[in-house]
Amino acid sequence: MKKLENLMDRVINRVNINLREFSIEVGALLRDLVPENQLVKFYAFYGIWSNHPIHFHFSNSSLAGSYFLGRCKVDNSILYKCDIRGDELKMKGDVFDVNGTAVTVEDDEVIWIKDSLLIKTLVHNYSHNPEKLELFLIKNSASAPYANIHGSPIEGCFLEPFSTVDLTSLHDCRVGTYTYVQVGELSHIEVESGRVWIRNKDIFDFNYRFPQDVLRTRYIAFVPGKGAMGMFMDFAEDRKMDFQRLYDVVHLDSPIKEIPQGASINRYSVWKGKNHISRNVLVSQRAFLEEAWLGEGANAQENCYISYSRLEGFNVTAHGATIIYAQLGRKVFVGFNSFLQGKADAPLIVGDESIIMPHTIMDLTESVTVPGNHLVWGYIRTQEDLEDHSIPLERLSKIKDEISIGNMQFRGSGEAFVAAFRHRIQHILEANGAFFDGEYGKGHAQTGQNISFNIIQPYPRGEARGLFPTIDIEP
(Lines give C-alpha, C1' and ligand atoms only; values in the text may rest on other atoms or scores of the structure.)
Protein backbone atom coordinates (compact mmCIF):
# COMPACT_ATOMS: atom_id res chain seq x y z
CA MET A 1 0.00 0.00 0.00
CA LYS A 2 3.01 2.24 -0.48
CA LYS A 3 1.32 4.49 -3.03
CA LEU A 4 -1.72 4.96 -0.80
CA GLU A 5 0.52 5.86 2.14
CA ASN A 6 2.35 8.40 -0.01
CA LEU A 7 -0.95 9.87 -1.15
CA MET A 8 -2.10 10.24 2.46
CA ASP A 9 1.12 12.09 3.32
CA ARG A 10 0.76 14.34 0.28
CA VAL A 11 -2.79 15.38 1.13
CA ILE A 12 -2.11 15.98 4.82
CA ASN A 13 0.93 18.11 4.01
CA ARG A 14 -1.06 20.27 1.63
CA VAL A 15 -3.87 20.81 4.13
CA ASN A 16 -1.39 21.65 6.88
CA ILE A 17 0.31 24.25 4.70
CA ASN A 18 -2.98 25.99 4.00
CA LEU A 19 -3.85 26.03 7.70
CA ARG A 20 -0.40 26.94 9.03
CA GLU A 21 -1.69 30.12 10.70
CA PHE A 22 -3.81 27.97 13.04
CA SER A 23 -0.90 25.71 14.09
CA ILE A 24 -2.93 22.61 13.28
CA GLU A 25 -1.55 19.16 12.38
CA VAL A 26 -4.33 17.42 10.48
CA GLY A 27 -2.49 14.11 10.37
CA ALA A 28 -2.65 13.75 14.16
CA LEU A 29 -6.42 14.17 14.00
CA LEU A 30 -7.32 12.11 10.93
CA ARG A 31 -4.59 9.65 10.02
CA ASP A 32 -5.83 6.79 12.23
CA LEU A 33 -9.57 7.31 11.76
CA VAL A 34 -9.73 4.91 8.82
CA PRO A 35 -7.58 1.74 9.07
CA GLU A 36 -5.80 1.07 5.80
CA ASN A 37 -7.51 -2.30 5.32
CA GLN A 38 -10.86 -0.46 5.19
CA LEU A 39 -9.69 1.40 2.08
CA VAL A 40 -9.44 -1.94 0.28
CA LYS A 41 -12.55 -3.58 1.71
CA PHE A 42 -15.28 -1.56 -0.02
CA TYR A 43 -16.14 -0.86 -3.63
CA ALA A 44 -17.23 2.56 -4.85
CA PHE A 45 -20.41 3.02 -6.86
CA TYR A 46 -21.83 5.58 -9.25
CA GLY A 47 -25.26 6.23 -10.66
CA ILE A 48 -26.13 6.54 -14.33
CA TRP A 49 -29.31 8.37 -15.23
CA SER A 50 -30.69 10.40 -18.10
CA ASN A 51 -31.70 13.50 -16.14
CA HIS A 52 -28.31 15.16 -15.81
CA PRO A 53 -25.08 15.08 -17.86
CA ILE A 54 -22.51 12.61 -16.56
CA HIS A 55 -18.75 12.49 -16.68
CA PHE A 56 -16.94 10.54 -13.99
CA HIS A 57 -13.17 10.89 -13.79
CA PHE A 58 -11.08 9.21 -11.10
CA SER A 59 -7.27 9.26 -10.95
CA ASN A 60 -4.69 8.36 -8.30
CA SER A 61 -7.36 8.21 -5.61
CA SER A 62 -8.97 5.93 -3.05
CA LEU A 63 -12.78 5.87 -3.14
CA ALA A 64 -13.77 3.09 -0.73
CA GLY A 65 -17.50 2.96 -0.10
CA SER A 66 -18.23 6.28 -1.81
CA TYR A 67 -21.26 7.13 -3.95
CA PHE A 68 -21.17 9.41 -7.00
CA LEU A 69 -24.01 10.94 -9.01
CA GLY A 70 -23.77 13.66 -11.65
CA ARG A 71 -20.56 15.11 -13.09
CA CYS A 72 -17.69 14.30 -10.72
CA LYS A 73 -13.90 14.40 -10.85
CA VAL A 74 -11.56 13.09 -8.16
CA ASP A 75 -7.77 13.52 -8.37
CA ASN A 76 -5.11 12.71 -5.77
CA SER A 77 -7.71 12.32 -3.03
CA ILE A 78 -8.86 9.82 -0.43
CA LEU A 79 -12.62 9.53 -0.01
CA TYR A 80 -14.03 7.04 2.49
CA LYS A 81 -17.76 6.29 2.51
CA CYS A 82 -18.65 9.71 1.12
CA ASP A 83 -21.73 10.81 -0.81
CA ILE A 84 -20.83 12.99 -3.78
CA ARG A 85 -24.23 13.95 -5.13
CA GLY A 86 -24.24 16.16 -8.21
CA ASP A 87 -27.85 15.82 -9.31
CA GLU A 88 -28.51 19.55 -8.80
CA LEU A 89 -25.44 20.92 -10.56
CA LYS A 90 -25.93 23.88 -12.87
CA MET A 91 -26.26 23.00 -16.53
CA LYS A 92 -25.05 24.77 -19.65
CA GLY A 93 -27.45 27.58 -20.50
CA ASP A 94 -28.82 27.98 -16.96
CA VAL A 95 -29.11 31.57 -15.80
CA PHE A 96 -27.62 32.32 -12.36
CA ASP A 97 -28.44 35.50 -10.47
CA VAL A 98 -25.38 37.35 -9.10
CA ASN A 99 -26.44 40.38 -7.08
CA GLY A 100 -29.25 41.14 -9.50
CA THR A 101 -27.19 40.45 -12.63
CA ALA A 102 -28.22 37.48 -14.76
CA VAL A 103 -25.18 35.39 -15.72
CA THR A 104 -25.46 32.48 -18.16
CA VAL A 105 -23.64 29.26 -17.28
CA GLU A 106 -21.23 28.47 -20.11
CA ASP A 107 -20.73 24.75 -19.45
CA ASP A 108 -22.18 21.94 -17.35
CA GLU A 109 -20.94 22.29 -13.77
CA VAL A 110 -18.66 19.64 -12.28
CA ILE A 111 -17.74 18.68 -8.71
CA TRP A 112 -13.93 18.43 -8.60
CA ILE A 113 -12.28 17.03 -5.47
CA LYS A 114 -8.52 17.50 -5.65
CA ASP A 115 -5.74 16.79 -3.12
CA SER A 116 -8.25 16.23 -0.32
CA LEU A 117 -9.16 13.74 2.40
CA LEU A 118 -12.89 13.32 3.11
CA ILE A 119 -14.24 10.80 5.63
CA LYS A 120 -17.96 9.93 5.69
CA THR A 121 -18.75 13.34 4.22
CA LEU A 122 -21.67 14.54 2.14
CA VAL A 123 -21.06 16.82 -0.84
CA HIS A 124 -24.23 18.12 -2.50
CA ASN A 125 -25.95 20.91 -4.42
CA TYR A 126 -24.16 23.37 -6.71
CA SER A 127 -21.42 25.89 -6.07
CA HIS A 128 -22.51 29.26 -4.74
CA ASN A 129 -19.26 30.90 -5.78
CA PRO A 130 -20.34 33.46 -8.43
CA GLU A 131 -16.79 33.67 -9.76
CA LYS A 132 -16.71 29.98 -10.77
CA LEU A 133 -20.21 29.04 -11.81
CA GLU A 134 -19.12 25.93 -13.70
CA LEU A 135 -16.88 24.49 -10.97
CA PHE A 136 -17.68 23.15 -7.49
CA LEU A 137 -14.10 22.80 -6.22
CA ILE A 138 -12.88 21.08 -3.07
CA LYS A 139 -9.10 21.40 -2.91
CA ASN A 140 -6.35 20.91 -0.31
CA SER A 141 -9.01 20.20 2.30
CA ALA A 142 -9.93 17.57 4.86
CA SER A 143 -13.12 16.61 6.67
CA ALA A 144 -13.85 14.35 9.63
CA PRO A 145 -16.86 11.99 9.89
CA TYR A 146 -20.39 13.22 9.20
CA ALA A 147 -19.47 16.65 7.91
CA ASN A 148 -21.70 18.23 5.26
CA ILE A 149 -20.39 20.30 2.35
CA HIS A 150 -23.53 21.74 0.78
CA GLY A 151 -23.16 24.16 -2.11
CA SER A 152 -19.88 25.28 -0.55
CA PRO A 153 -16.64 25.23 -2.53
CA ILE A 154 -13.74 25.00 -0.10
CA GLU A 155 -10.00 25.39 -0.50
CA GLY A 156 -7.43 24.77 2.23
CA CYS A 157 -10.02 23.97 4.89
CA PHE A 158 -10.52 21.50 7.72
CA LEU A 159 -14.03 20.48 8.78
CA GLU A 160 -14.34 18.77 12.15
CA PRO A 161 -16.91 16.00 12.92
CA PHE A 162 -20.60 16.76 12.36
CA SER A 163 -19.85 20.23 11.01
CA THR A 164 -21.81 21.76 8.13
CA VAL A 165 -20.79 24.41 5.62
CA ASP A 166 -23.84 25.49 3.65
CA LEU A 167 -24.01 27.85 0.66
CA THR A 168 -20.69 29.38 1.72
CA SER A 169 -17.31 29.70 -0.03
CA LEU A 170 -14.43 29.01 2.36
CA HIS A 171 -10.72 29.68 1.99
CA ASP A 172 -8.14 28.50 4.56
CA CYS A 173 -10.66 28.03 7.38
CA ARG A 174 -11.11 25.64 10.27
CA VAL A 175 -14.72 24.79 11.12
CA GLY A 176 -15.22 23.34 14.59
CA THR A 177 -17.04 20.23 15.74
CA TYR A 178 -20.85 20.40 15.36
CA THR A 179 -20.67 23.88 13.84
CA TYR A 180 -23.08 25.12 11.18
CA VAL A 181 -22.03 27.98 8.90
CA GLN A 182 -24.12 29.70 6.20
CA VAL A 183 -22.60 33.14 5.72
CA GLY A 184 -21.75 33.56 2.03
CA GLU A 185 -17.96 33.70 2.24
CA LEU A 186 -15.23 33.19 4.85
CA SER A 187 -11.45 33.44 4.60
CA HIS A 188 -8.69 32.70 7.12
CA ILE A 189 -11.12 32.24 10.02
CA GLU A 190 -11.42 29.62 12.74
CA VAL A 191 -15.07 29.05 13.67
CA GLU A 192 -15.42 27.63 17.17
CA SER A 193 -17.16 24.34 17.93
CA GLY A 194 -20.89 24.35 18.55
CA ARG A 195 -21.67 27.60 16.78
CA VAL A 196 -24.74 27.99 14.56
CA TRP A 197 -24.18 31.03 12.35
CA ILE A 198 -26.42 32.27 9.54
CA ARG A 199 -25.70 35.64 7.93
CA ASN A 200 -26.90 37.35 4.79
CA LYS A 201 -24.72 40.42 4.30
CA ASP A 202 -26.28 43.26 6.31
CA ILE A 203 -29.81 41.90 6.03
CA PHE A 204 -29.78 39.49 8.99
CA ASP A 205 -27.42 37.64 11.31
CA PHE A 206 -28.39 34.65 13.51
CA ASN A 207 -25.92 33.41 16.14
CA TYR A 208 -26.15 30.64 18.70
CA ARG A 209 -23.41 28.91 20.71
CA PHE A 210 -23.89 25.56 22.43
CA PRO A 211 -22.73 25.19 26.04
CA GLN A 212 -19.28 23.66 25.43
CA ASP A 213 -19.28 21.51 28.56
CA VAL A 214 -22.56 19.86 27.52
CA LEU A 215 -21.57 19.39 23.88
CA ARG A 216 -18.15 17.89 24.60
CA THR A 217 -18.98 15.71 27.58
CA ARG A 218 -22.21 14.21 26.27
CA TYR A 219 -22.70 14.52 22.51
CA ILE A 220 -19.55 15.03 20.44
CA ALA A 221 -15.90 15.81 21.07
CA PHE A 222 -12.86 15.57 18.80
CA VAL A 223 -9.78 14.33 20.60
CA PRO A 224 -6.32 14.00 18.97
CA GLY A 225 -5.28 10.37 18.86
CA LYS A 226 -8.79 9.17 19.71
CA GLY A 227 -10.94 10.78 17.05
CA ALA A 228 -14.61 11.68 17.43
CA MET A 229 -16.25 10.58 20.68
CA GLY A 230 -19.67 10.93 22.27
CA MET A 231 -23.33 10.01 21.84
CA PHE A 232 -23.51 11.06 18.19
CA MET A 233 -20.64 8.77 17.17
CA ASP A 234 -21.93 5.90 19.33
CA PHE A 235 -25.35 6.25 17.72
CA ALA A 236 -23.90 6.03 14.19
CA GLU A 237 -21.43 3.25 15.03
CA ASP A 238 -24.14 1.10 16.62
CA ARG A 239 -26.00 1.10 13.31
CA LYS A 240 -23.14 0.81 10.82
CA MET A 241 -23.54 -2.97 10.46
CA ASP A 242 -27.05 -2.38 9.14
CA PHE A 243 -25.42 -0.68 6.16
CA GLN A 244 -22.81 -3.42 5.70
CA ARG A 245 -25.09 -5.66 3.66
CA LEU A 246 -25.43 -2.93 1.04
CA TYR A 247 -21.86 -3.70 0.01
CA ASP A 248 -22.24 -7.47 0.09
CA VAL A 249 -24.41 -7.70 -3.01
CA VAL A 250 -24.75 -5.50 -6.07
CA HIS A 251 -28.50 -5.91 -6.62
CA LEU A 252 -30.99 -5.73 -3.78
CA ASP A 253 -34.73 -6.16 -3.99
CA SER A 254 -36.94 -3.27 -2.97
CA PRO A 255 -37.87 -3.42 0.74
CA ILE A 256 -41.56 -3.15 -0.21
CA LYS A 257 -43.44 -4.93 -2.97
CA GLU A 258 -45.40 -1.94 -4.25
CA ILE A 259 -43.85 1.51 -4.17
CA PRO A 260 -46.50 4.28 -4.09
CA GLN A 261 -46.92 6.53 -7.10
CA GLY A 262 -44.12 9.05 -7.47
CA ALA A 263 -42.08 7.65 -4.56
CA SER A 264 -38.48 6.49 -4.64
CA ILE A 265 -36.45 4.28 -2.27
CA ASN A 266 -32.73 4.21 -2.91
CA ARG A 267 -31.24 0.72 -2.81
CA TYR A 268 -28.42 2.04 -0.60
CA SER A 269 -30.84 2.93 2.22
CA VAL A 270 -31.62 0.81 5.27
CA TRP A 271 -35.17 -0.31 6.00
CA LYS A 272 -35.96 -2.03 9.33
CA GLY A 273 -39.25 -3.16 10.81
CA LYS A 274 -42.55 -1.94 9.38
CA ASN A 275 -42.30 1.38 7.57
CA HIS A 276 -44.92 3.28 5.63
CA ILE A 277 -44.26 5.67 2.78
CA SER A 278 -46.87 7.61 0.85
CA ARG A 279 -46.85 9.00 -2.68
CA ASN A 280 -43.97 11.27 -3.75
CA VAL A 281 -41.80 10.28 -0.78
CA LEU A 282 -38.03 10.37 -1.35
CA VAL A 283 -35.72 8.05 0.63
CA SER A 284 -32.10 8.81 -0.29
CA GLN A 285 -28.97 6.67 -0.10
CA ARG A 286 -27.70 5.95 3.41
CA ALA A 287 -31.02 7.00 4.92
CA PHE A 288 -32.15 4.77 7.79
CA LEU A 289 -35.85 4.04 8.44
CA GLU A 290 -37.12 1.99 11.36
CA GLU A 291 -40.82 1.79 12.22
CA ALA A 292 -41.30 5.13 10.47
CA TRP A 293 -44.38 6.65 8.83
CA LEU A 294 -43.73 9.19 6.06
CA GLY A 295 -46.69 11.08 4.65
CA GLU A 296 -47.10 12.44 1.13
CA GLY A 297 -44.11 14.37 -0.21
CA ALA A 298 -41.92 13.81 2.85
CA ASN A 299 -38.25 13.03 2.42
CA ALA A 300 -35.39 11.36 4.26
CA GLN A 301 -32.13 12.72 2.92
CA GLU A 302 -28.63 11.23 3.13
CA ASN A 303 -27.41 10.04 6.56
CA CYS A 304 -30.86 10.61 8.12
CA TYR A 305 -32.18 8.33 10.84
CA ILE A 306 -35.95 8.23 11.32
CA SER A 307 -37.14 5.74 13.92
CA TYR A 308 -40.50 5.20 15.65
CA SER A 309 -41.75 8.49 14.27
CA ARG A 310 -44.56 9.84 12.15
CA LEU A 311 -44.09 12.64 9.62
CA GLU A 312 -47.47 13.85 8.37
CA GLY A 313 -46.36 15.03 4.94
CA PHE A 314 -44.26 17.52 2.95
CA ASN A 315 -41.59 17.24 5.64
CA VAL A 316 -37.95 18.08 4.94
CA THR A 317 -35.44 16.04 6.92
CA ALA A 318 -32.10 17.51 5.90
CA HIS A 319 -28.80 15.69 5.59
CA GLY A 320 -27.63 13.98 8.77
CA ALA A 321 -30.75 14.69 10.85
CA THR A 322 -32.00 12.15 13.41
CA ILE A 323 -35.65 11.83 14.48
CA ILE A 324 -36.65 9.30 17.17
CA TYR A 325 -40.03 8.92 18.88
CA ALA A 326 -41.47 12.06 17.35
CA GLN A 327 -44.70 13.22 15.74
CA LEU A 328 -44.13 15.94 13.15
CA GLY A 329 -46.95 17.92 11.59
CA ARG A 330 -47.10 18.88 7.92
CA LYS A 331 -44.29 20.82 6.29
CA VAL A 332 -42.00 20.68 9.31
CA PHE A 333 -38.35 21.36 8.46
CA VAL A 334 -35.61 19.56 10.41
CA GLY A 335 -32.19 21.02 9.63
CA PHE A 336 -28.76 19.51 8.96
CA ASN A 337 -27.35 17.22 11.68
CA SER A 338 -30.17 17.97 14.10
CA PHE A 339 -30.71 15.34 16.78
CA LEU A 340 -34.34 14.96 17.93
CA GLN A 341 -34.81 12.17 20.45
CA GLY A 342 -38.02 11.68 22.34
CA LYS A 343 -39.01 8.55 24.24
CA ALA A 344 -41.75 5.99 23.76
CA ASP A 345 -43.58 7.39 26.79
CA ALA A 346 -42.40 10.99 26.26
CA PRO A 347 -42.54 11.81 22.55
CA LEU A 348 -41.58 15.00 20.80
CA ILE A 349 -44.54 16.70 19.10
CA VAL A 350 -43.94 19.43 16.52
CA GLY A 351 -46.76 21.49 15.01
CA ASP A 352 -47.30 22.27 11.33
CA GLU A 353 -44.77 24.43 9.45
CA SER A 354 -42.36 24.80 12.34
CA ILE A 355 -38.64 25.10 11.56
CA ILE A 356 -36.09 23.13 13.55
CA MET A 357 -32.83 24.94 12.93
CA PRO A 358 -29.75 23.06 11.70
CA HIS A 359 -27.68 21.52 14.49
CA THR A 360 -30.45 21.53 17.08
CA ILE A 361 -30.35 18.99 19.91
CA MET A 362 -33.67 17.98 21.47
CA ASP A 363 -32.74 15.11 23.79
CA LEU A 364 -35.86 14.88 25.90
CA THR A 365 -36.34 13.88 29.53
CA GLU A 366 -40.08 14.58 29.24
CA SER A 367 -42.59 15.02 26.45
CA VAL A 368 -42.18 18.35 24.65
CA THR A 369 -44.67 20.05 22.34
CA VAL A 370 -43.56 22.68 19.82
CA PRO A 371 -46.51 24.76 18.59
CA GLY A 372 -46.98 25.25 14.88
CA ASN A 373 -45.14 28.02 13.03
CA HIS A 374 -42.26 28.28 15.51
CA LEU A 375 -38.50 28.54 15.03
CA VAL A 376 -36.52 26.21 17.33
CA TRP A 377 -32.75 26.07 17.99
CA GLY A 378 -30.13 25.01 20.51
CA TYR A 379 -30.26 22.48 23.34
CA ILE A 380 -33.64 21.37 24.68
CA ARG A 381 -34.54 18.64 27.18
CA THR A 382 -37.79 19.89 28.76
CA GLN A 383 -40.82 21.96 27.89
CA GLU A 384 -39.38 24.76 30.03
CA ASP A 385 -36.18 24.77 27.93
CA LEU A 386 -38.28 25.59 24.89
CA GLU A 387 -38.96 29.09 26.25
CA ASP A 388 -35.31 30.12 25.76
CA HIS A 389 -34.86 28.23 22.50
CA SER A 390 -37.83 29.11 20.31
CA ILE A 391 -39.84 32.00 18.94
CA PRO A 392 -43.11 32.21 16.96
CA LEU A 393 -42.32 32.92 13.30
CA GLU A 394 -44.86 35.73 13.33
CA ARG A 395 -43.05 37.45 16.19
CA LEU A 396 -39.65 36.95 14.56
CA SER A 397 -40.98 38.44 11.33
CA LYS A 398 -41.65 41.71 13.15
CA ILE A 399 -38.05 42.12 14.38
CA LYS A 400 -36.29 44.97 12.58
CA ASP A 401 -33.24 45.56 14.75
CA GLU A 402 -32.12 42.88 17.21
CA ILE A 403 -33.28 40.40 19.83
CA SER A 404 -31.56 38.07 22.31
CA ILE A 405 -33.17 34.93 23.70
CA GLY A 406 -30.94 32.82 25.93
CA ASN A 407 -27.68 32.18 24.06
CA MET A 408 -29.19 33.25 20.72
CA GLN A 409 -28.62 36.67 19.23
CA PHE A 410 -30.41 37.89 16.13
CA ARG A 411 -30.07 41.21 14.38
CA GLY A 412 -31.51 42.59 11.18
CA SER A 413 -34.72 41.82 9.37
CA GLY A 414 -36.68 38.96 10.89
CA GLU A 415 -39.10 39.18 7.99
CA ALA A 416 -36.29 38.52 5.49
CA PHE A 417 -34.94 35.66 7.60
CA VAL A 418 -38.29 33.88 7.79
CA ALA A 419 -38.99 34.49 4.09
CA ALA A 420 -35.59 33.02 3.14
CA PHE A 421 -36.25 29.85 5.14
CA ARG A 422 -39.74 29.40 3.76
CA HIS A 423 -38.50 29.95 0.21
CA ARG A 424 -35.78 27.35 0.71
CA ILE A 425 -38.17 24.77 2.15
CA GLN A 426 -40.50 25.26 -0.80
CA HIS A 427 -37.59 24.91 -3.23
CA ILE A 428 -36.43 21.66 -1.60
CA LEU A 429 -39.92 20.17 -1.78
CA GLU A 430 -40.26 21.14 -5.42
CA ALA A 431 -36.79 19.80 -6.30
CA ASN A 432 -37.63 16.51 -4.60
CA GLY A 433 -40.91 16.15 -6.50
CA ALA A 434 -43.13 16.39 -3.41
CA PHE A 435 -45.96 18.04 -5.40
CA PHE A 436 -45.88 15.73 -8.45
CA ASP A 437 -49.42 15.23 -9.74
CA GLY A 438 -48.71 12.44 -12.18
CA GLU A 439 -47.82 14.80 -15.02
CA TYR A 440 -46.27 17.99 -13.68
CA GLY A 441 -43.82 18.71 -10.88
CA LYS A 442 -41.32 15.91 -11.34
CA GLY A 443 -38.32 15.92 -9.01
CA HIS A 444 -35.73 13.59 -7.51
CA ALA A 445 -38.34 11.18 -6.16
CA GLN A 446 -39.58 10.51 -9.68
CA THR A 447 -36.38 10.80 -11.72
CA GLY A 448 -34.45 8.76 -9.14
CA GLN A 449 -36.61 5.69 -9.79
CA ASN A 450 -34.60 4.77 -12.89
CA ILE A 451 -30.99 5.21 -11.78
CA SER A 452 -28.68 2.30 -12.64
CA PHE A 453 -25.80 1.65 -10.25
CA ASN A 454 -22.34 0.50 -11.26
CA ILE A 455 -19.40 -0.47 -9.08
CA ILE A 456 -15.66 0.01 -9.29
CA GLN A 457 -13.02 -1.62 -7.11
CA PRO A 458 -9.44 -0.82 -6.04
CA TYR A 459 -6.23 -2.72 -6.66
CA PRO A 460 -6.35 -5.72 -4.27
CA ARG A 461 -2.59 -6.11 -3.73
CA GLY A 462 0.84 -4.70 -4.47
CA GLU A 463 2.14 -1.15 -4.14
CA ALA A 464 -1.12 0.26 -5.53
CA ARG A 465 -3.27 -1.69 -3.07
CA GLY A 466 -6.23 0.45 -1.98
CA LEU A 467 -5.96 2.87 -4.91
CA PHE A 468 -8.51 2.82 -7.70
CA PRO A 469 -7.29 2.76 -11.29
CA THR A 470 -7.65 5.85 -13.44
CA ILE A 471 -11.12 5.74 -14.97
CA ASP A 472 -13.00 8.05 -17.34
CA ILE A 473 -16.71 7.41 -17.84
CA GLU A 474 -18.49 9.58 -20.40
CA PRO A 475 -21.92 9.50 -22.02
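Reply: Asn-125 is buried, with a relative accessible area of 7%; buried stands for under 20% relative accessible area, exposed for over 50%, and partly exposed for what falls in between, using a 1.4 Å probe and protein chains only. This is a predicted model, in which local features need pLDDT of at least 70 and side-chain atom pairs count only at pLDDT 80 or more, while totals for chains, interfaces and linings use all residues. Residues are numbered from 1 along each chain as its sequence is written, and side-chain values use heavy atoms, with hydrogens and water left out.

Asn-125 sits in the loop between strand 11 (122-124) and strand 12 (135-139); strands are DSSP runs of E of at least two residues, helices are runs of H or I of at least four, and both are numbered from the N terminus. Although Asn-125 is not a glycine, its phi is positive, at about 75°. Asp-172 is another non-glycine residue with a positive phi, of about 50°. The loop that holds Asp-172 runs between strand 18 (169-171) and strand 19 (174-175). Asp-172 is buried too, with a relative accessible area of 14%.

Gly-342 is a further buried loop residue, at 4% relative accessibility, placed between strand 40 (339-341) and strand 41 (348-350). Its C-alpha atom is 5.9 Å from that of Ile-324, 18 residues apart along the chain. Ile-324 is also one of the contacts of Gly-342, together with Tyr-325, Leu-348 and Leu-364, once neighbours within four places in sequence are left aside; contact is taken as heavy atoms within 4.5 Å.

Ala-142 belongs to a strand, strand 13 (residues 142-143). It is buried, with a relative accessible area of 1%. Val-11 is 131 residues away from Ala-142 in sequence, yet the two C-alpha atoms are 8.3 Å apart in space. Beyond neighbours within four places in sequence, Ala-142 is in contact with Val-15, Val-26, Leu-30, Leu-117, Leu-118, Cys-157, Phe-158 and Leu-159.

In soluble globular proteins, nonpolar side chains tend to be buried together. The largest nonpolar core here has 86 residues, among which Leu-30, Phe-206, Leu-375 and Phe-417 touch the most other members; such a core is a set of buried Ala, Val, Leu, Ile, Met, Phe, Trp, Tyr and Cys residues joined through side-chain atoms within 4.5 Å. It lies between domain 1 (2-236 + 451-473) and domain 2 (260-402 + 424-447), because both give residues to it; the domain bounds come from an automatic or database domain assignment. A second, separate core of 37 residues includes Cys-82, Val-181, Trp-197 and Ile-471. Leu-375 has contacts with Phe-206 and Phe-417, as well as with Ile-355, Met-357, His-389, Ser-390, Ile-391, Leu-393 and Leu-396, again leaving aside neighbours within four places in sequence.

The centres of domain 1 and domain 2, taken over C-alpha atoms, are separated by 24 Å. Domain 1 puts 42 residues into the contact and domain 2 puts in 35 residues.

A cavity is a set of points on a 1 Å grid over the protein atoms alone where a 1.4 Å probe fits but cannot get out, and its lining residues have an atom within 4 Å of a point. Points are joined across faces, edges and corners, and a volume is the space filled by probe spheres set on them.

The largest cavity has a volume of about 210 Å³. Of its 13 lining residues, Lys-81, Lys-120, Tyr-146, Phe-243 and Arg-286 lie nearest its centre. Helix 6 (residues 240-244) gives the largest share of this lining, 3 residues. By type, the lining has 5 nonpolar, 2 polar and 6 charged residues, where Ala, Val, Leu, Ile, Met, Phe, Trp, Tyr, Cys and Pro count as nonpolar, Asp, Glu, Lys and Arg as charged, and the others, Gly among them, as polar.

The second largest cavity has a volume of about 160 Å³. It is lined by 14 residues, with Phe-162, Tyr-305, Gly-320, Thr-322 and Asn-337 nearest its centre. Here helix 5 (residues 231-238) gives the largest share, 3 residues, and the lining divides into 8 nonpolar, 6 polar and no charged. Domain 1 and domain 2 each supply at least three residues to the lining of the largest cavity, and each supplies at least three to that of the second largest cavity.

Technical notes:
1 Å grid on protein atoms, 1.4 Å probe; cavity = no way out; pocket = protein on both sides within 12 Å on 5 of 7 lines; lining within 4 Å.
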